[in-house]
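Thanks for making the time, everyone. I would like to walk through how the chains of this assembly are related and how two of them meet, so please keep the model in view while I talk.

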Protein chains: 4
Amino acid sequence: VPDSSGRAPYRLWGARFERGGLAPEAEALNRSFPVDARLWREELEAEAAWAEALGMAGVLAPEEVERVRAAIGRLAESAASAAGGGTDRAVPPDEGDEDVHTWVERRIAEEAGAVASKMRAGRSRNDRAATALRLWTLRALDGLDAELAGLQAALVAQAEATVDALLPAYTHLQRAQPVRVAHWFLSHVWPLQRDRERFRDARARTSVLPLGAGAAAGSGIPVDRERLRARLGFDRVSPNSLDAVGDRDFVAEVVAAAALTGVHLSRLAEDLVLFASAEFGFVRFDDAYSTGSSLLPQKRNPDVAELARGKSARLVGDAAAVLVLLKGLPAGYQKDLQEDKAILFDAVDTLRAVLPAMAGAVRTLRWDAEASARACDASLLAADVADALVRGGRSFAEAHAVVGRLVREAESRGAGLLDVPAELAAALDPALPAALAEVAAGPARSVERRTVEGGTAREAVLRQLDAARALVARS
Amino acid sequence: VPDSSGRAPYRLWGARFERGGLAPEAEALNRSFPVDARLWREELEAEAAWAEALGMAGVLAPEEVERVRAAIGRLAESAASAAGGGTDRAVPPDEGDEDVHTWVERRIAEEAGAVASKMRAGRSRNDRAATALRLWTLRALDGLDAELAGLQAALVAQAEATVDALLPAYTHLQRAQPVRVAHWFLSHVWPLQRDRERFRDARARTSVLPLGAGAAAGSGIPVDRERLRARLGFDRVSPNSLDAVGDRDFVAEVVAAAALTGVHLSRLAEDLVLFASAEFGFVRFDDAYSTGSSLLPQKRNPDVAELARGKSARLVGDAAAVLVLLKGLPAGYQKDLQEDKAILFDAVDTLRAVLPAMAGAVRTLRWDAEASARACDASLLAADVADALVRGGRSFAEAHAVVGRLVREAESRGAGLLDVPAELAAALDPALPAALAEVAAGPARSVERRTVEGGTAREAVLRQLDAARALVARS
Amino acid sequence: VPDSSGRAPYRLWGARFERGGLAPEAEALNRSFPVDARLWREELEAEAAWAEALGMAGVLAPEEVERVRAAIGRLAESAASAAGGGTDRAVPPDEGDEDVHTWVERRIAEEAGAVASKMRAGRSRNDRAATALRLWTLRALDGLDAELAGLQAALVAQAEATVDALLPAYTHLQRAQPVRVAHWFLSHVWPLQRDRERFRDARARTSVLPLGAGAAAGSGIPVDRERLRARLGFDRVSPNSLDAVGDRDFVAEVVAAAALTGVHLSRLAEDLVLFASAEFGFVRFDDAYSTGSSLLPQKRNPDVAELARGKSARLVGDAAAVLVLLKGLPAGYQKDLQEDKAILFDAVDTLRAVLPAMAGAVRTLRWDAEASARACDASLLAADVADALVRGGRSFAEAHAVVGRLVREAESRGAGLLDVPAELAAALDPALPAALAEVAAGPARSVERRTVEGGTAREAVLRQLDAARALVARS
Amino acid sequence: VPDSSGRAPYRLWGARFERGGLAPEAEALNRSFPVDARLWREELEAEAAWAEALGMAGVLAPEEVERVRAAIGRLAESAASAAGGGTDRAVPPDEGDEDVHTWVERRIAEEAGAVASKMRAGRSRNDRAATALRLWTLRALDGLDAELAGLQAALVAQAEATVDALLPAYTHLQRAQPVRVAHWFLSHVWPLQRDRERFRDARARTSVLPLGAGAAAGSGIPVDRERLRARLGFDRVSPNSLDAVGDRDFVAEVVAAAALTGVHLSRLAEDLVLFASAEFGFVRFDDAYSTGSSLLPQKRNPDVAELARGKSARLVGDAAAVLVLLKGLPAGYQKDLQEDKAILFDAVDTLRAVLPAMAGAVRTLRWDAEASARACDASLLAADVADALVRGGRSFAEAHAVVGRLVREAESRGAGLLDVPAELAAALDPALPAALAEVAAGPARSVERRTVEGGTAREAVLRQLDAARALVARS
C-alpha cells in the first residue's frame, strides 16, 4: 500500500513486485516529474472533473466529491504560490514523485485523506497523461497565436511607415526589381498568417477528450464522457480507446507547425542580418536589440535575428524527433510516449522565447530609406525596358535578348543601363532608345506598373496593408 | 535569340552572357527537366490560361490566343500519348530541355510559331513553377485522399467481420485488457482519418494562385489575376508577390502530413508483423501479400508490412529535407527551391505505392480468432477483479494492491489468476473470492463492461463502426 | 567600464552603445549561462593556460600570472563545492551573468582584481567558447566509452551463461534458424563496439586547439599556440583561424555517432521488449528494472527498454538539429552557433542516462532457456533439410522447392515438418525421407553445422566470446 | 521450380505458397531491381568468389566452377555494354526481375545451365545484399575522396593567387577584421579535409565481409570466409552472423558524413552567394557557371552555389532517414532494410553531382581584390587600436571601453574611426591619439600582426598553403 508519509515513495503501483524499488539508474531514467510537473494545473482540472464524474457514477459520495474539490482548490492555490508566478513553466517543488500524476494523488491524499485512493478507479495514467497534455497544448496554442500576431503587428507597423520607400527585391541574392519596403515587410506577414492557420487547424485535432479511455479498452466505470468533455472544454470525445491512449498526432502536428514557423523566422532573420550588414546597410537595430563583441569594440551584432535563425534548428530537430518516437510503435500506449512532452515543451518554449524578441527587434528597427533607394540601380529596370519594347511590338523573347545585349554592352563600359549612348542602343534595336526613355523615370515609376493584386504598386500595397491590419486586429 | 531548330539548346535566357553555354557539370546540376517533366500537364493548363490573360490584356491578338490554345491542345494530346499512359508519373521524352518551362515554350514555338515568344511577357519561371507545382499538388492530394479511404475501407471491412472476436490489447507489449478485434482494426482507422483531415487543411493553403507575381514584384502587365484564379480552379489569389514566389509552405505541410501518415502506417505494420509471428499467430497474410526466402524454404514473410514500416523512414527524411531546404533562405525566390519538387514527388510516390499494397494486404488477411482468444488469459482480468473489489467497497488503491499480491501469489505457483485457491485469496482480502467469482465469466464479460463512448463493449463498437463506415462512404 | 559590484550586469562589451541594456526579451533569448555554465571547469582550465601564455608573451607580469592562477584555483574549488558534487552537470549558482565567459571574468576580477581585465587581450569569446566546448567533449567521450563498455560487459556476461541455450533467430520476425542465445547476446556487442570506434575517431577530430584564433583572424598577441596545445592536452592546433571559430564538425560528428548508438539501443530494446512479452516469454526483467501500472495490477512493464527505444528519437532529432544549425551559415562565427551546446549536452546526457540503465537491466535479466528452446520448432530445420538434399546431390534450387512443398503439405495437415508421413515425403522427392532423418536430431545439431567464422556453432561462438571479452577488458 | 524461360518470373522462392504470384501492388512495392540493379558489378564479383568457395567446399566440381566463372565473365561484359558506359549508375535493362540477385541467378542459369541452381547453397539474399552493397560503397568512397580533393585543389589554386588580397572577415555578418583572401579560401579547405578523414574512417568499418553469414545463423556450408575476404578485398570478416545481416551502420555513417559534407558545401555556397551580390561584389562567376532569368535580362545568377546549398537539404534528409529506418528494428534482417540502398545512392549521387560543379565554379571565379580591399574600412582596425592601447599599458577591458566610445563618437559624426579629431580622441584617453597613429597604416599592417599559427599574417598563410597543397597532392 502506498506510503504517503513523506519521502518514502508514494507509488501508483507495486504490490505485484517482490522488491518495490527501482534500481537508481532505472529510477532516474523512468522518473518524469522534472518534465511533466508543468502539467500540474491541467492535471488538477482534470482531477476535479473526474471526481464529479465518479460522483455521478456513484463511485464517490457527494460529500467525497466535495472534499476532493476543496482539496484540489487548496492545492491549486498553494501550488501556484509555490510555483511562484504565472508563467506556465513554473512548477511546484520536486519532492521526488515519479510523475505529476503521483504528485497529484499523493497531495490529494494528504489534503483529503482516503478518498484520494478511490479516485484512481476507472482510469489509468495512459488516459490521464493524454488528457493533461492536450489541455496544456490548447493553452500553448492560444499563447502562440498571440505571439505570432504580435510579430505580425510589428511588421505591419513598419510597413505603414515605409509605403513610399523602395528597395531592390532580390532573387538569387541578385538585385531583381524595385519594390516598396512595405511590400517586403508584408511579405513576412503572410507566412506567419499561414502559421496561425496551421496552429488553428492543429487545435481542432488537439481538442479531443481522451479521459475515459482507461488503460486501453475504455473505462470500466460507466462515466459520462460527453459531460467530461463539456466540463473540460474539449470539442470532441475520442472515438476509440486504443487510439485515444496511443495517439500523439497532436504533438507531431503542433511541433511540425512550430518547425515551419521557425523556418519562417529564419528567413526573416536572414533578410534582417543581410540588411543590417555594412554592405547592404538598410537596417539598423536598436541598441536594445544589438550586442557587442568582447574583442572587437566596433561590433554591433544582430544577435536576436541570428538566434532566431539558429533556434529554427532545434525546432526542425524536434519535428523529426516526434516522428522517430512514434515510428514503428504498436498501437496503444508504450512507455516511449513519455518522451513526447520534453519535445513538445521544447518547441513551444523555443517559439515563445524567439517570437517576442523578434517582435521587439522589428518594432524598434530603423529603416534607412536612402540606402535602400540607392541600391535600386538602373539594372533593376531591365525588365521594364523589355516591357516597353513589347509595348512597341517586339515579342518578349526578342525584347529580352535585346536588353540582354544592352546589359552586356553597359557592363563592358562600366556604365549603367541607362547610360549607354543612344546610337549604340539604336544599333541593338531601333526601338531601344525610346524604350530607355520611357523607363528613365526610374524605379518609382517602375513599381507603379505592378498594379496587379499582390503587386508592388502603391494602391495594391495599400490594399494589402489593409488586409494585413485586419489579421492583427482580429487576434 | 533562342534557337528552336532541334538539339541546339532552346534557352529562356542568355543574351547577356558572352558565352552561352554552361559547363557540362554545371548543366548537369542545373537541368531540372528529368524531375520537373512531371509537371507538363499542369504547365500546359497554366499556359492556356496565360494566353487568354494576355489576350484580355491586349498583348496577344484574339487569333494569336486561338493559335496558342490549339497548339497546346495538340501538345497535350501528343505528350499524353508519348508519355504512354494515364499515370501522373508518365512524362514526354527528354529532349534535353533545361526544364519543363523551356520544353513547353519550345514546343509551342514549334507548333504555333513566333507567337510563343510573346507568351513569356509579364511572368517568370518563378511564378510559373509555383503555379504548376501547386496545381500538381492539388491533384496529388485528391489521389492520396482516395488511397487513404481505400485503406480505411479495408480496415472497416475486417472490423465488420471481427466484432465478436477478442484479442488482448497490449500496452508496453504486455497483455493489458481484452478488446474486440474490431476495436483494434478501428483503432487504425482514426489516425488515417486525421491524415485525411490534415491533407484537406493543407489543400486549402495549397489552392492559392501565384501566377501574376512575376519574378518578385508582380507582373508588369495588368492581367486579371482573379480571372486566372477562377480559370485554373484555385481558391484564392496570393496576396504578396514576393511571398508568392518564395512560399513553399504547401510543400512542407503536405510532406509533413505524409510523414505522419507514414508513421501511422508503420504502427499498423508493426502490429501486423507482430501478429503474423509464430508467437502471436493472430494473422495470416494471403499468399498474394507474402514472400518467401531464397534460403529458408519455410519462410512466409510479411514484406508488405515491413516495407510500409521501412518506407516511413523516407517520408520522415523528406519532411526534414523540406525544412532544411527553406531554412535561412532570404525572402523571395532562390534557386535552392528547385529541390522542392524531388522531395514532394518522393513523398507522394511513396505513399501512393504503400497505401494500396497495405489496403490489399489488410483486405485479404485472415484473422485467427481462436488464437487471439487463447491469448486472452486470466491475467487480463486483473483490473476487473479490482473493479469488483471497488464495487464491494474497497478504494481502488486498496483493490489494486490486493490484486497485485494475488498476481504475485499466482505467479509463484505457476497458476492463473483465477486458479489461486479460495482460502489463499480470502487471506489476501476476505472480499477477494467473491470478486474472483464475479469475473470468472472471463474476457467476453469483461469487454461488455466497457460501454463508455469509445469503449470496447459490443454496442459501443457497433456505434464506432457506423461512424467509421460513414467516413469511407463519404470519400 | 564593467561594474562588478554585484547584480548590475558585468559585461564583456557595451561602451559602443548608447543604451547598455538589452530589452528583457532579447536578454532572455541571448543569455546562455543557464546552458553553458556546465563548461565552468574547462573554462577555468583554459583561463589558467591563457594567463601563462600572456605571461610568456609579456602581456602579464609573472606575479600577475600567479595571482590569476591562485584565483582560478580558489574559484575552481568554491565552484566545485557550490556545484555540489562531482557530476559534470553540476554548475555554480546562476547570478545572472550573460555566459560562462562573463562569469569567469567577473569572478576572477572579484578574486584577483584589475589583472582580470587584462586577460581578455588577444582572444575573443569565439575561440574561448570553442576551446571550452572541445575540452568538455573530450571528457564526455571518455565517459561514453566507459558506459558503452559497461553495457558490453553486461551482454558478454549474459552470453557466457547462455552458450548452450538456443532460441530462434528471427528474420522478418518469422522464426528462421536456431542460434545459441549467447550468439544473440553477442550480436548486440558488436554494434556498440563500432560506436566506441566512431567516438574514438570523432575524438581525434575534437582534440584540436582553437584558442589563439581570436575573433576570426588569429590572435593579435603572438602567443605560442603549440605550448597552449600541450598545456591543455589537445592533439593538434587548428590550422586556420576562421575555420577554428566556425567549425562545429566535432559537435555534429559526436551527435551523429550518439544517434547511431541510440538506434542500436533501440534495436536491443526492441528485442528485449519482444522477448519479455507473454507471447515470446524468453526474458524476465528483474523487479528492479520493471514497473507496474496504476490501473492494471498484473502488469510488469519493460520500461527501461521502452525508454531506451524512445530516447533514440531525441538523439536522431539532435543529429538533425546540428546539421540544420550549420546549414547555410557563412564561414566563421555566427551567433547561431550558440545553440550547439544545448544539442550536444542533450545527446550526451541522454546516452549517459540510458546506457547504465540498460546495462543494469541486461545484467539482471533472467533468460528462460526452456521457453526459447520450445520456440525452436521443426520448421527452423527446413534449410537443414534442403542442405541434406544438396549433400545427396540435388541443386539447392531443387532442394528449396522440394522442402517448400513439404512445408505446404505439413501446414495443410497442421503437422510439424518432421511429422509428415514418410511415404508422402518420398512422393515429393525420394531422397526426402533420408534428409528428414538426418535433421531429426533437431536444433542442437543444426547449430553445430554453422562452424564458419561468425557462425553459431559452439566453437565459433566461444571464439567470438573470447574476442568480445577482450573488448570489454581493454576498456 | 523456377522457370527461366523468359518473361515468366524467375523467383528464388515460392514453392511453399499455393499461389506463386504477388498481387500487382505488392509486387510493385516489393520489387527492388529498379534501385538495386546498380549493384550488378559487385554482385557478379561476389558470385565468382562464391563459386570458388563452393568449389573448395566440394559443393561444386572444378569444371562447374569454371563454367560459372566463364558465364560471369560473359555476363559482366554484356551487362557493361548494355549498361552503355562506365558510370556506376549505368545498369542492364530491366527485364522484370525481383532484384539484382534474381537477375544474376537467372542470367547465370541462362549462360551456364543447371549449375546456377547449385550456387544458392549456403547463403541467402541477406548476406548477399550486404556484401554487394559494401563493395559498392567502398568504390563510392574512393570516388568521393577524389571529388573532394578536386574541390580542395580549386580552392588552393585560388588561394595561391590571392595571398596578398584582403577582405573583411565577417562575424555575425558584420565586418570584423581584415584577413587575406587566401586565408578565407583556405578556411574552406579544412572542413573538406575533415570530410575526407571521416569517409576514410567510415571506409574501415565498411570493409567487413558479411558473406558466409547466411540468412542469420552462419552458412551451413563450411566455406572459408577468410579466403572469401581476401578474394573480395575486404579488410575484415564480420564476427557475428546475426549482426552481419542486420548491420547498416556503414550506410548510416557514410550518409551522415555526406550530410556534413553537404553542410560544408552550403557554407561555402553561402559565402559565394553573398560575395557575388552587388552589395559585396567580391566575386564574379564565370559565364560557364552563371545562369540568367527568363524575365529579367540583367540577371547573372549563382545557381551552382545555390543548388549546392539547396542540395544539402536532401543529404540531411537522407541522414535522418537511415536512422529512422533502423530505429526499433529487431536484430538481424528485416525487409525494411531494403530501403537502405535508395538512401545511400541518393546521398552519393548528390555529392557527386555537386562537388565537380562547385570545383569548376571555384576554379573559374574571378576575385575582385579592389572591391574586397575597399570593404576593409577603418572600423576593422578597432581591435588593433585596443591592442595598441594595451601595449601602452591599458588593460584590455579598459582599452575595449575606450575604443567603444571612440566608435560611438565616430558614428555620431558620420566619420571613420581614424578620422575623429585628435583632441576628441585624447579626451577619451590621452593614449588614444598615439594608438590611432600606430594603426593608421591600415589593414595591410593589421593582418601582419596575426603571426600565430593559423593566423592571417603572410608567413602564417604561406605555411598553411603549403600544408593544404600537400593534402591535395596526396590524393
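This is a predicted model: local features need pLDDT of at least 70, side-chain atom pairs count only at pLDDT 80 or more; totals for chains, interfaces and linings use all residues.

A word on conventions: residues are numbered from 1 along each chain as its sequence is written, while chains are lettered from A and ligands numbered from 1 in the order in which they are written. Local features need pLDDT of at least 70 and side-chain atom pairs count only at pLDDT 80 or more, whereas totals for chains, interfaces and linings use all residues, and side-chain values use heavy atoms, with hydrogens and water left out.

Turning to chains A and B, the contact (heavy atoms within 4.5 Å) takes 103 residues from chain A and 103 residues from chain B. Together they bury about 8,700 Å², 57% of it on carbon and sulfur atoms, where buried area is the accessible area, with a 1.4 Å probe, lost on being put together and summed over both parts. Of the area that chain A buries against chain B, 8% comes from A:R16, A:R205 and A:R267, more than from any other three residues.

Finally, there are 16 salt bridges between chain A and chain B, each a side-chain nitrogen of Lys or Arg within 4 Å of a carboxyl oxygen of Asp or Glu, and one of them joins A:D247 to B:R194 at 3.2 Å, N to O.

Note on methods. Buried area is the accessible area (1.4 Å probe) that two parts lose on being put together, summed over both.
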